[in-house]
Amino acid sequence: MIQATVIIAAWNSEDSLCASVESALAQTEVSLEVIVVDDCSTDKTLIVARDLALAHPQVRVLSQQRNGGPAVARNAALAEAKGEWVAVLDADDTFVSGRLAAMIDFADSVDADIVCDGIMTRDAANDFHQTATLAFAGDPQNDNWTVAEYIAGNMHGTPGLSLGYLKPVIRRSFITKHTLRYDENLRNGEDFHFILDALTNGAAIRFRAEPGYVYSVGHESISRRLNADHATALARADLAFAARHAEDLDPHCIAMMQKRAQSTLDLSSAEQALAALRDRRPLRAARVLWRRPRATGRFLRQLAQAVTNRLRRR
């Protein structure tokens with residue numbers, strides 16, 4: 001019997017994949033399999049993954065014929081998963097020793113469908129670890145999370161780490177029963193929408209405060225990570241969720257999702273304007289803000305932060 005399937009969506013992760021997989025294989029007191037999905041990498045990720053599979057019978061490798069993003073890759077892994085539980089692991093992150101057994105024991109003790117735990121952030125430059133403070137009002141350990149609490153913890157500008165960054169351990173029977181899948185139109189925010197769909201299907205989600213997941217903090221700014229098309233897709237998904245649940249969710253939840261969608265578009269416009277300035281194209285920056293004037297305030301705040309960061313580095 002396989003207790004847990006660890007799914008890893010990997011794209012151009014040749015330098016970090018080995019450590020991620022080994023952190024999963026090092027888990028004790030739990031029988032597991034690891035499914036690595038290479039998302040049409042252009043580096044040696046697939047070679048590294050296949051070498052790991054040759055060395056460890058618990059590792060299986062799937063290879064995508066085209067790059068579809070993490071949602072597509074994770075859905076491919078879900079279709080092949082055999083474990084009672086599914087654990088999500090990014091290809092540049094790691095598990096703390098003993099995490100999976102502790103999470104599964106905790107989930108069984110509180111009859112949860114999904115469990116999340118604390119996150120340690122790791123700065124790749126100096127290997128500094130710090131426990132992240134979550135964007136959660138109150139004590140996240142108290143009871144099952146509500147839809148409203150989860151949405152509130154994923155609003156732009158809320159202090160703390162957005163709850164969408166948490167990597168859950170999910171009872172596979174719940175996934176199967178409700179035919180849950182990642183939204184393949186998304187390349188940002190797919191984790192958030194997966195958990196949100198689980199909540200609206202009645203999932204019992206609990207939180208274990210002990211940090212068991214190590215999240216690697218990259219060096220690139222959000223402007224390099226946030227693609228305008230990806231942001232638009234995320235905003236559309238937020239609005240579609242609000243429309244789909246307009247009759248069965250509290251109006252406050254609907255309003256938060258609508259506000260979140262607008263904030264995502266503001267962020268995208270601000271980042272596009274900043275990118276134009278970096279490319280010495282001020283007229284393009286002005287056009288972007290002219291098309292979405294409500295993004296100007298965010299643009300000015302981010303510009304001030306960028307200038308401050310540059311001065312500190314001198």
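The model is predicted, so local features need pLDDT of at least 70 and side-chain atom pairs pLDDT 80 or more, while totals for chains, interfaces and linings use all residues. Numbering starts from 1 along each chain as its sequence is written, and side-chain values use heavy atoms, with hydrogens and water left out.

Asp38 sits in strand β2 (strands are DSSP E runs of at least two residues, helices H or I runs of at least four, numbered from the N terminus). Asp38 is buried (under 20% relative accessible area, 1.4 Å probe, protein chains only). Still, Asp38 has no salt bridge (a side-chain nitrogen of Lys or Arg within 4 Å of a carboxyl oxygen of Asp or Glu): Arg50, the nearest side chain of opposite charge, is 7.4 Å away.

Ser63 is the bridge partner of Asp38 in β3. With helix α2 (residues 45–55), the two strands form a right-handed β-α-β unit (clockwise from the first strand over the helix to the second, with the strands pointing away from the viewer).

Elsewhere, helix α7 (residues 190–200) is mostly covered, with nine of its 11 residues buried. Among them are Glu190, Asp191 and His193. Gly202, with a positive phi near 90°, follows α7.

Technical notes. Two strands pair if DSSP finds at least two bridges between them. Buried means under 20% relative accessible area, exposed over 50%, partly exposed in between (1.4 Å probe, protein chains only). Lys and Arg count as positive and Asp and Glu as negative; His and the chain ends are not counted.
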